[in-house]
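Colleague: Hello! Could you walk me through this one with a few questions and answers?

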Amino acid sequence: MKNKGKILVIDDEEIIRSLISETLSIENYSVTALDSIPETTDYFSKNSFDTIISDINLPGKSGIEFLKEIRKFDETIPVILITGSTETENLLTAIKYGAYDFLRKPFPLSDIIVTVNHSVQKRKLEKENLKYKVTLEKMVVKRTEQLEIANKKLESNMIKTMLAMVNALEASDKYTRGHSERVTALSLMIGEKMKLDFKDLKNLQMGAVLHDIGKIGIYHNILNKPTKLTDEEFSTIRKHPKIGYEIIRPIDFHQSVFDIVLQHHEFIDGTGYPNKLKGYQLNLLSKIVSIADTYDAITSDRPYRKGNSKQHAIDEIYKGIDKQFDRDVVKILIEIKDDITPDSLSNINVIKKYK
Ligand SMILES: [Fe+2]
């Protein structure tokens with residue numbers, strides 16, 4: 001059985017063609033012999049070889065032209081050129097286009113066997129390398145996908161844990177119950193009206209959900225104190241943006257999510273906390289959450305008073321333009337005023353809207 005490799009021999013001299021064919025057939029190669037160069041693209045799309053042996057001087061197309069054409073669709077197939085001339089220029093061009101070797105007429109038959117054995121071996125190794133490379137690349141792609149899925153799952157679990165923490169924090173007090181969800185809903189209504197892109201809305205959603213997570217680190221009796229807070233208690237409560245930031249810092253969130261948690265109590269005029277940042281230093285998403293947060297604080301019941309009306313909240317926020325709040329975001333709040341209802345602020349599944 002001829003299984004050492006497939007060889008194509010092209011020579012216009014019948015005697016050389018048959019000599020090479022017979023020699024290689026005896027060596028267990030499968031040989032196809034042609035007397036002229038075939039239509040390259042068409043022929044090689046239907047036939048594949050491990051080595052090509054071609055005369056350099058053929059009627060019509062030269063062996064070098066043929067070599068150039070072959071290189072366009074197969075950069076590695078070994079091509080052995082048979083040459084009768086001693087012209088170095090031809091040989092150099094052939095080397096440039098990747099000729100594997102040369103056989104100078106007259107050549108002993110043993111030369112052709114040795115040269116073909118080497119070239120077929122080289123072809124075999126290259127094919128194996130390529131196969132290995134492709135397998136390796138596929139493996140890398142597959143592993144990367146698996147890793148991404150695992151990471152997403154891990155991230156999703158961490159976020160769910162944090163949501164559970166926020167819910168636990170708010171559930172302990174009837175006055176704050178649902179606060180983060182309402183702030184998220186209103187922030188998204190503002191963000192959508194501003195035509196923020198999907199990524200910003202996703203980050204706005206996450207930041208708004210987590211904006212008060214730092215309150216986990218504040219004593220319950222201070223957070224839920226029904227009477228006026230002392231200065232010391234105020235300063236304790238003011239630590240929650242930084243505590244929140246430290247809690248979520250290990251997670252691979254976009255910077256804007258960290259900004260929201262850290263900046264939602266900053267004022268445009270630089271008198272807020274914790275870092276007294278000014279308007280131009282604040283993330284737009286933080287400015288949105290700051291307004292939604294204040295709106296919910298004004299309209300929610302407190303131990304010492306009933307919740308105020310929507311109009312009252314909007315009037316108060318309006319008064320805070322350029323001091324506490326960003327002018328453009330307040331304008332948007334006023335534009336969507338009619339859409340703000342108890343239903344629109346509570347009937348959303350915040351974690352599922354943008355993900
Ligand atoms: Fe807060």
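Colleague: Which residue in strand 2 is the bridge partner of Lys-6?

Modeller: A note to begin with: this is a predicted model, in which local features need pLDDT of at least 70 and side-chain atom pairs count only at pLDDT 80 or more, while totals for chains, interfaces and linings use all residues. Residues are numbered from 1 along each chain as its sequence is written. Strand 1 (residues 6-10) runs parallel to strand 2 (residues 30-34), joined by 5 bridges; strands are DSSP runs (E, at least two residues; helices are H or I, at least four), numbered from the N terminus, and two strands pair if DSSP finds at least two bridges between them. In strand 2, the partner of Lys-6 is Ser-30.

Colleague: Why is strand 1 largely enclosed by the rest of the structure?

Modeller: We call a residue buried if 20 or more other C-beta atoms lie within 10 Å of its own, exposed if 12 or fewer, and partly exposed in between, with C-beta atoms placed from the backbone. In the protein chain, buried residues make up 32% of the 355 residues. Strand 1 is largely enclosed because its buried residues number 4 of the 5.

Colleague: What radius of gyration does the protein chain have?

Modeller: The radius is taken over C-alpha atoms, and the globule rule is 2.2 Å times the number of residues to the power 0.38. Those C-alpha atoms fill a box of roughly 110 × 35 × 35 Å along the principal axes. A compact globule of 355 residues would come near 20 Å, but the protein chain has 38 Å.

Colleague: How far apart do the C-alpha centres of domain 1 and domain 2 lie?

Modeller: Domain bounds come from an automatic or database domain assignment. Here the assignment gives domain 1 (6-134) and domain 2 (172-353). The distance between their C-alpha centres is 75 Å.

Colleague: How many residues are in the largest nonpolar core?

Modeller: A nonpolar core is a set of buried Ala, Val, Leu, Ile, Met, Phe, Trp, Tyr and Cys residues joined through C-beta atoms within 7 Å. Leu-186, Leu-210 and Val-261 are among the members that touch the most others in the largest core. Helix 5 (109-171) and helix 12 (284-299) are among the elements giving two or more residues to this core. The number of residues in the largest core is 38.
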